[in-house]
Amino acid sequence: MSEKTIFKKIIDKEIPAKIVYEDDLCLAFHDVNPQAPVHVLLIPKKEISSTSDIAPVDEPLIGHLFGVIRSLAEQLGIAADGYRVVSNCGLNACQTVPHLHFHILGGRGFGWPPG
Ligand code: AMP
C-alpha cells in the first residue's frame with residue numbers, strides 16, 4: 001500500500017492542522033506556508049490525487065466543495081474584496097501534494113497572469 005499523503009494524515013488527525021471547517025466530505029485548514037494574509041486549503045476527505053483524477057461520480061462532491069468555498073470566503077472575511085481559488089495540477093503547475101486541494105487566497109491584491 002502506498003504511503004499516506006500529508007493531507008490524508010491531517011484528515012486522519014495523525015498530524016495537527018489549524019482547521020477552520022470540517023464536515024463529512026471535506027476539511028479546510030490554514031496553509032502552513034501562507035502566500036497571502038488569508039491562505040486556507042480545502043480538501044475532500046476522499047482520496048483524489050488531482051483535478052485530472054476527478055471522476056464523474058465525484059461531481060456532486062466538487063459542487064459541495066465550491067459551496068463550502070463560498071461560505072468560507074464569507075467566514076474568513078475575504079468575500080467582499082475578492083479572493084482567488086487555485087488548484088495546482090501536476091508538474092507544470094507545481095503540485096507538491098498528490099491529494100486534490102483548493103487554495104483559497106485573500107487579503108491582498110493578486111497579479112494576472114500568475115507566475
Ligand atoms: P501545492 O503546491 O498546490 O500541492 O500545495 C500544497 C500546499 O500544502 C502548499 O501551499 C504547502 O504550504 C501546504 N502544506 C504542506 N504541508 C502542510 C501542512 N502540514 N499543513 C498545512 N499546509 C501544508
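Colleague: Is Phe7 buried or exposed?

Modeller: This is a predicted model, in which local features need pLDDT of at least 70 and side-chain atom pairs count only at pLDDT 80 or more, while totals for chains, interfaces and linings use all residues. Residues are numbered from 1 along each chain as its sequence is written, and side-chain values use heavy atoms, without hydrogens and water. With buried meaning under 20% relative accessible area, exposed over 50% and partly exposed in between (1.4 Å probe, protein chains only), Phe7 has a relative accessible area of 6%, so Phe7 is buried.

Colleague: How are the planes of Phe66 and Phe102 arranged, stacked or edge-to-face?

Modeller: Rings of Phe, Tyr and Trp (its six-membered ring) pair if their centres lie within 6.5 Å, and planes under 30 degrees apart count as stacked, over 60 as edge-to-face and the rest as tilted. The ring centres of Phe66 and Phe102 are 5.3 Å apart and their planes stand at 70°, so the pair is edge-to-face.

Colleague: Which side chain of opposite charge is nearest to Asp23?

Modeller: Lys and Arg count as positive and Asp and Glu as negative, with His and the chain ends not counted, and a salt bridge needs a side-chain nitrogen of Lys or Arg within 4 Å of a carboxyl oxygen of Asp or Glu. Asp23 is buried yet has no salt bridge, although its side chain reaches the backbone nitrogen of Cys26 at 2.9 Å, a polar contact being a pair of N or O atoms within 3.5 Å, where within protein one must be able to donate a hydrogen and the other to accept it, and residues adjacent in sequence count only if both atoms are side-chain atoms. The nearest side chain of opposite charge, 5.8 Å away, is Lys45.
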